[in-house]
Amino acid sequence: MTLAAPDYVPNDTAAADRHYVSPPRRPQPWLADRPGELTGGQPMGAGLGVPGPDQGYALRLARRFESELLLTPGEHAADAVAGCVGVALKRAAFFGRAPVAADLEVAFRVFGFLPPAPDESLVAWRKELFAGVSHPHHYAEARRLVDLVPEAVLRQSTSEVEAACAADRAKLFVLSQ
C-alpha cells in the first residue's frame with residue numbers, strides 16, 4: 001500500500017533498490033610513512049618505559065587511594081600519585097595487561113604511602129624523591145622513581161609486598177644507579 005505524499009517530498013525509488021557495493025580496490029599497499037609512525041616496533045631503551053594497554057586508567061584508580069595515603073607535612077598527594085602511577089604501570093606491563101588496583105596498591109605500599117607506616121628515614125628520603133614530581137617538567141625524576149623498584153619486587157603479590165615492607169622495606173629498592 002502506498003500513501004500519498006505532497007509533491008515537495010522527494011520520492012527516490014532508486015534508493016530502495018540499492019545494495020552493498022565494495023569500495024574500489026587500492027592499487028598500492030598501505031605504508032607507515034607519516035611522521036610519528038612507528039616503523040620498527042616499539043622503541044626500547046633507558047628512560048622509554050614499558051608500553052602497556054589502557055595506561056590512563058591508572059590515574060582513575062589512583063584517585064581511589066588518595067584518601068588513604070599516609071602523607072607527612074610537606075608531602076602532596078599529587079606528587080605521590082604521579083610518582084607511584086609510573087611504578088604501577090610498569091608492574092601492569094610486566095603482566096601484559098591494563099593496570100588494576102593491586103598495581104597501585106603495590107606502588108603506594110613500597111614507598112610507604114600505605115600502611116604499615118614507614119620509619120622516619122624512609123619518609124625523609126621519599127619526601128626528597130617525590131618533591132614536585134607531579135609537575136610535567138619533572139619527567140626524569142618520575143622515571144627515576146620507577147627505576148628504583150626492581151622487576152622482582154613488582155612481580156610479587158600484594159600480600160608478599162606487604163610482608164616485605166613490614167620486614168625490611170629498604171630491600172625493595174635498587175639504590176645503586
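1. Basis. The model is predicted, so local features need pLDDT of at least 70 and side-chain atom pairs count only at pLDDT 80 or more, while totals for chains, interfaces and linings use all residues. Residues are numbered from 1 along each chain as its sequence is written, and side-chain values use heavy atoms, with hydrogens and water left out.

2. The core. The largest nonpolar core has 36 residues, where such a core is a set of buried Ala, Val, Leu, Ile, Met, Phe, Trp, Tyr and Cys residues joined through side-chain atoms within 4.5 Å, and buried means under 20% relative accessible area, exposed over 50% and partly exposed in between, with a 1.4 Å probe and protein chains only. Among the residues with the most contacts inside this core are Leu 104, Phe 108 and Phe 111. Helices H2 (57–65), H3 (77–94) and H4 (101–110) are among those that each supply at least two of its residues, and the largest share, seven residues, comes from H3; helices (H or I, at least four residues) are DSSP runs numbered from the N terminus.

3. Phe 108 and Phe 65. Leaving aside neighbours within four places in sequence, Phe 108 is in contact (heavy atoms within 4.5 Å) with residues including Ala 62, Phe 65, Val 81 and Leu 114. The whole structure holds six aromatic pairs, counted when the ring centres of Phe, Tyr or Trp (its six-membered ring) lie within 6.5 Å, with planes under 30 degrees apart called stacked, over 60 edge-to-face and the rest tilted. Phe 65 and Phe 108 form a tilted pair, 5.6 Å centre to centre with 45° between the planes. Because Phe 65 lies in helix H2 and Phe 108 in helix H4, the pair ties together parts that are 43 residues apart in sequence.

4. Phe 111 and Phe 173. These two also form a tilted pair, at 5.2 Å centre to centre and 45° between the planes. Phe 111 is in the loop between H4 and H5 and Phe 173 in the segment after H8, 62 residues apart. Phe 111 counts as buried because its relative accessibility is 0%, and Phe 173 counts as buried at 10%.

5. Charge over a ring. The charged end of Arg 126 sits over the ring of Phe 113, 4.1 Å from its centre, which requires NZ of Lys or CZ of Arg within 6 Å of the ring centre and within 35 degrees of the ring normal.

6. Asp 54. Asp 54 lies in the loop between helix H1 (13–16) and H2, and its phi is near 50°, a positive value in a residue other than glycine. Asp 54 is exposed, because its relative accessible area is 51%.
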